[in-house]
Structure formats: structure tokens, C-alpha cells
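My notes follow in the order I looked.

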Amino acid sequence: MAAMSDQFTIVTDPVGNSVALSALFAVLPLLTLFVLLGAVRMRAWLAGSISLLVALVVAVGIYSMPVGTALLSASEGAAFGFFPILWIVINAIWVYNLTVVSGHFDVLRRSMARISPDMRVQAIIVAFCFGALLEALAGFGTPVAVTVVMLMALGFPPLRAASVALIANTAPVAFGALATPIVTLGTVTSGAGDDARLTTETLGAMVGRQTPLLAVVVPLVLVAVIDGRRGVRQAWPAALVAGVVFAIGQFLASNYISVPLTDIIAALMAAAAVVLLLRVWRPAESPDLRVAQARPAGAAGTRSGDEKDPPDARPADGTGPAGRAAAVVAERRDTPVEVVRAYAPYLIIIAIFSIANLGPVKSALAREPWTVAFGWPGLHVLGTGGKPLSSTTFTLGWLPAAGTLMILAGLLTALVLRVRPGAALRAYGRTYAELRHAIVTVMAVLALAYVLNQSGQTGTLGEFLAAAGGFFVFLSSMLGWIGVAVTGSDTSANALFGALQVQTAERAGLDPVLLAAANSSGGVLGKMISPQNLAIAASAVGMAGREGDIFRRVVGWSLLLLLLMCVLVTLQGTPVLDWMVP
């Protein structure tokens with residue numbers, strides 16, 4: 001047991017007193033993860049577990065971290081991966097599953113379809129606004145899987161539906177799953193630097209001054225992808241209103257209201273704004289876009305025939321799933337009471353989180369016995385300056401945790417939607433079963449991040465990258481983009497690179513808050529090209545094996561929007577826009 005409580009002091013140049021040589025070993029765990037996921041296409045949970053093993057070997061063999069300390073570091077990371085990270089995701093998806101079990105998700109879908117007959121406007125409402133709401137509540141691929149099916153039910157060809165869902169799932173990602181990526185970023189960066197601003201609230205505020213720019217552009221991109229120049233020319237008022245209002249909501253909520261509620265507030269504001277706009281404005285025409293179009297449907301255009309459905313997705317008799325669902329939308333009328341019930345879960349969540357974020361309530365819940373902070377048993381790590389790492393202190397906010405609040409919201413949702421206790425309990429069990437691989441993946445990646453940070457491997461890479469100097473401001477968003485493109489998760493990318501961004505910033509004389517936030521903001525643009533999201537979209541539209549077709553449709557937009565983010569972050573690092581940094 002003595003080995004389990006050994007004190008360890010971080011050294012960033014263990015190999016020949018050289019940061020460059022040490023970096024060759026420090027990068028091995030990340031390189032392993034990227035190769036296994038990107039090249040070998042191994043399952044994420046297995047790739048994460050193997051990469052964790054590599055990180056432990058490097059920590060013990062190269063950085064002289066005691067075996068017990070390394071294992072304890074991994075155990076703290078895994079525990080943080082489950083609580084509060086997975087605790088949020090599991091319970092949020094349970095609430096969504098309750099709406100499916102009760103049949104009210106279909107009511108919600110039909111309600112949205114009736115708002116406008118124009119398919120371009122429908123895409124803005126379903127993929128952008130409702131997709132953002134799903135991202136706010138669940139994240140981790142849920143918005144893509146759900147909105148793709150909804151778009152097909154409205155008559156969109158599969159390839160176009162998949163492209164639209166993936167592109168729409170960008171601007172809200174950083175605040176997804178009740179701001180899980182930001183919570184993770186705040187945790188892994190708080191012990192990586194001395195800046196007191198490295199908190200969830202300040203980082204959320206900074207991201208809320210970057211991603212709104214994407215929100216303004218993305219709806220316009222969607223109508224361009226759906227209907228080319230004609231789509232932009234005829235539907236730009238709806239796209240612009242949705243984007244601008246979402247951007248305003250995201251900025252205000254993240255900076256002045258509540259970081260976890262950011263996307264919920266922004267999504268509902270955007271949806272309401274579009275609905276109000278449609279009372280006074282309609283597109284000049286509403287073309288039937290269910291038939292394959294031969295003309296360009298995006299910025300770079302498409303080849304004739306690209307929009308055709310795959311053979312297994314459009315039966316010859318026209319009675320496929322999309323056709324039947326569209327018919328249901330047209331024929332069935334839901335009562336006003338049922339429509340209100342369909343929207344009730346989201347209103348319940350907003351109410352609960354609003355109460356929990358009131359100043360006095362929030363302060364009370366942050367104290368014992370509702371929140372308990374303790375040093376991780378047996379884990380004693382000193383930073384390069386000789387001070388204990390703050391990351392070895394584990395905060396267990398069991399009552400104010402977003403996941404616990406989601407359970408309360410789920411119980412109230414079950415009552416409102418009249419879901420029997422047995423059915424609600426079975427839905428909860430199914431949620432764990434559906435997420436079993438995601439649970440292992442997230443716990444492995446967070447364990448990997450903690451070992452990298454607490455062994456000194458992240459510090460080594462930070463010192464090495466600091467050689468890029470001021471140019472690293474431009475590269476910081478790209479690092480997040482690579483992380484999400486490979487892992488499929490902004491949470492995972494922040495866990496892997498958040499501390500690295502901060503340590504590199506401090507060594508290069510840059511702003512650590514700006515670079516940490518850039519990791520998350522740039523990362524959201526890697527979401528649409530990540531193998532996991534592509535697989536989710538392809539399987540949802542019956543195009544399994546044709547992920548490459550979807551990738552070619554979205555990669556250009558991913559790179560273009562990434563360049564836009566890189567320029568914005570670079571300007572925020574200069575006197576031109578440095579006033580935007582909190």
C-alpha cells in the first residue's frame with residue numbers, strides 16, 4: 001500500500017533534460033488514439049482503452065511516475081468521466097427516451113412540420129433549432145441521429161438529410177449536454193495554469209463570444225446546401241433570423257444567465273423567432289425538393305445524380321419509411337393539449353435549471369452536505385513549481401449536478417406524459433444499455449487526460465508547442481478541430497487538449513482563457529467530419545458504407561468555417577478584438 005500513496009513531482013524534460021526528446025514520448029498516447037480511430041477505424045471504447053494503457057506505460061517508464069500514483073490518476077479521471085460528465089448525458093437521454101416511449105416525440109415532430117410547408121424553412125427549424133435543443137440536452141450524436149430521421153420523414157433525400165443534420169450540428173456543440181464540454185474544459189484547465197479566470201463560467205463566457213459567429217452563418221449554409229443559390233435568395237430571411245437570434249441567445253445566456261442553459265435558451269429563442277417571422281413573411285415559392293435535383297446544391301456544387309436516394313432507402317412503390325411518415329404528418333392532427341405536453345419536458349428542464357441557478361439557491365447547493373470536495377485518496381502530485389495540483393481534489397456536487405437535476409426533470413416528465421413507473425424504469429435501463437460503449441469511451445478518454453496532465457506529458461507538449469510563439473493563436477482552433485474530428489466529441493477534445501492549450505499559452509505569453517476556449521470553439525467544426533458522426537448519419541438514412549459520400553459533401557464547409565474561427569481567434573489575440581476576452 002505504501003506505493004499507492006507515493007508523492008510525485010512533475011518533470012517536463014525527463015529524457016536527456018530535453019523537452020523536444022521528451023515530447024517524442026509524450027505524444028505517443030495521443031498518436032495511438034488518433035491512429036487507432038482515424039486509420040485503423042477501431043471502436044472508440046477500445047481505442048481509448050489502449051491509448052490509456054500507452055499513457056500509463058509512458059508515465060511510469062519515461063516520467064518515473066509511481067505505478068500506484070499513475071493508476072490512481074487514471075481512476076480519478078475515470079470517476080470524473082462518469083460523474084459529472086456521463087451522469088449528465090445518461091439522464092438527459094433518458095428524458096428524451098421518455099418522450100419517445102409516450103409517443104410525444106412524434107407529436108413534436110408533426111408540430112414542427114406544420115409550421116411551414118417550405119422544406120428549407122423546415123430544415124432550419126428541425127436541424128438547426130430543434131437539433132440545437134437536442135444537443136443542449138443530450139449531445140454525443142443524438143441530434144444527428146434524430147434530426148436525420150425527422151428530415152427524411154419530411155421528404156428530404158437521404159444524402160441531403162445527412163449533410164444538413166451534420167452541418168447544423170456545429171454551433172451548439174460547445175454547450176451540448178448542458179455544457180458538458182465547457183465543464184470538462186474548466187476542470188482540466190483549472191489545475192494547468194495559475195490564471196484565476198480558468199473556470200467553467202469564464203471559459204463558457206469566452207466560448208459564447210466565439211461560436212455565435214458560427215450560429216449566424218450556419219443556417220445560411222444549410223439553405224445553400226438544400227437549394228443552392230435559389231435557396232439563399234428566397235429563404236435568407238428565415239436563415240438570418242434563426243442565426244442572429246440564436247447567436248444573441250447564446251451570447252447572453254453564456255455570459256449573463258447560465259452556461260449549462262445556454263443552448264436551451266438560444267434554441268428556443270431561435271425557434272420562436274422563426275415562427276413569429278412566418279406570421280408576416282413567406283418565401284416567394286416553396287419548391288418540392290423531395291425529387292433529386294441536378295443543379296448545384298452547395299457552395300461547390302454537386303454532380304448530377306448525387307442527390308439520388310440509395311436503392312435501399314427509396315422503394316419503387318413509394319411506400320418507404322419516409323413516405324409513410326410524411327403522410328402521417330399530413331393527415332394526423334394532434335390536440336392542443338397533446339402538443340403542449342410534447343413541449344413540456346423542455347419547459348420543465350428550463351424551470352428546474354433556472355431555479356438551481358438562482359444566486360441564493362446556487363450558493364446553498366455549493367456547500368456541504370449537497371457538495372463535497374475531497375483530495376483523491378492516495379493521490380499526491382506536485383506541479384513543477386512544487387505546489388500540489390488542484391486537479392487531485394475531486395468535487396462531488398451530488399445534488400446540484402446537472403445530471404441529478406435531469407433525473408428530477410425526468411420524474412416530472414414521466415408524470416406529465418403519463419409514463420407508468422415500470423415503463424420509465426425500463427427506459428432508464430435501456431438508456432444505460434444503449435450508451436454502454438459511450439460510457440467506456442468517455443471514462444477511458446478522461447482517465448487518459450488525467451494521466452497525461454498529472455504525469456507531465458501534457459506539460460512537455462505545451463513547452464514544445466510554445467516554440468510556435470504568437471502563431472499558436474492561429475493554430476489553437478485547429479488543435480481542437482483535430483481532436484473532435486478524431487474522437488467525435490468536443491468533451492473528449494477538451495479533456496485531451498485543454499490543459500495543453502493553457503500551458504502552451506502561458507509559456508508563449510498568450511492568453512490562456514482565449515486559447516482554452518478556442519480549443520472548444522474550433523473543435524465544434526470537426527464534429528461534422530468525425531467518423532462516429534458520419535457513421536450515425538449514414539446508418540440513420542440507410543446509407544451504411546457510404547460515409548465517404550457524406551464526408552465529401554460536408555468537409556469543404558468544415559474547413560471553411562474552421563478558417564473563419566481561426567481568423568476570429570487570432571484577431572481576439574490582438575488589440576483589434578482583445579476587448580472581447582473576459
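I count a residue as buried under 20% relative accessible area, as exposed over 50%, and as partly exposed in between. By that rule Arg114, at 28% relative accessibility, is partly exposed. The model is predicted, and I kept that in mind throughout.

**Entry 1: salt bridges around Asp334**

I looked up the salt bridges and found 11 in the structure. I started with Arg110 and Asp334, whose side chains meet with N to O at 2.9 Å. Arg110 belongs to helix α5 (residues 104–113), while Asp334 sits in the loop between α13 (321–331) and α14 (336–356), so this pair ties together parts that are 224 residues apart in sequence. I then checked accessibility: Arg110 is buried at 3%, and Asp334 is buried at 16%.

Asp334 has a salt bridge with Arg114 too, with the closest N and O atoms 3.9 Å apart. Arg114 lies in the loop between α5 and α6 (119–137), so its pairing with Asp334, in the loop between α13 and α14, links parts 220 residues apart in sequence. I noted the general point that side chains of opposite charge can pair when their charged atoms come close.

Next I looked up Arg230 and Asp227, which form a salt bridge with closest N and O atoms 2.9 Å apart. The two are three residues apart in helix α11 (residues 211–257), so about one helical turn separates them. In general, an α-helix has 3.6 residues a turn, so residues three or four places apart point the same way. Asp227 is buried, at 0% relative accessibility. I followed the shared partners and found that salt bridges join Asp118, Arg120, Asp227 and Arg230 into one network.

**Entry 2: α4 and its packing partners**

I looked at α4 against two helices. Helix α3 (residues 44–61) packs on helix α4 (residues 67–102) at an angle of about 145°, with the axes 9 Å apart. The crossing of α3 and α4 is right-handed. On the α3 side I listed Leu52, Leu56 and Val60, which meet Val67, Ala70, Leu71 and Ala74 of α4. The residues of this α3 and α4 contact are seven nonpolar, no polar and no charged.

How do α4 and helix α16 (residues 402–416) pack, and at what angle? I read about 15°, with the axes 8 Å apart. Angles under 35 degrees count as roughly parallel, so α4 is roughly parallel to α16. Here α4 passes α16 in a left-handed crossing. Residues of α4 in the contact include Trp87, Ile88, Trp94 and Leu98, and those of α16 include Met406, Ile407, Gly410 and Leu411. The residues of the contact of α4 with α16 divide into 11 nonpolar, five polar and no charged.

Last, I looked up helix α10 (residues 200–207), which is mostly covered, with six of its eight residues buried. Those are Thr202, Leu203, Gly204, Ala205, Met206 and Val207. The cover over them includes α9 (176–190), α11, α22 and α24 (547–572).

I then went to Ser520 in helix α22 (residues 512–523). Is Ser520 buried or exposed? At 0% relative accessibility, Ser520 counts as buried. Leaving aside neighbours within four places in sequence, I found Ser520 in contact with Ala174, Pro181, Ile182, Leu185, Val207, Asp490 and Asn494. One of these, Val207, is also among the buried residues of α10.

Note on methods: Residues numbered from 1 in each chain as written. Predicted model: local features only at pLDDT ≥ 70, side-chain atom pairs only at ≥ 80, totals over all residues. Heavy atoms only, no water. Salt bridge = Lys/Arg side-chain N within 4 Å of Asp/Glu carboxyl O. Helix = DSSP H or I, 4+ residues; strand = E, 2+ residues; numbered from the N terminus. Buried < 20%, exposed > 50% of the residue type's maximum accessible area, 1.4 Å probe, protein only. Axes fitted to C-alpha atoms, helices over the stretch in contact; angles between N-to-C directions. Left-handed = near helix turned anticlockwise from the far one by under 90°. Contact = heavy atoms within 4.5 Å. Nonpolar A, V, L, I, M, F, W, Y, C, P; charged D, E, K, R; others polar. Parallel < 35°, antiparallel > 145°, perpendicular 65-115°, else oblique.
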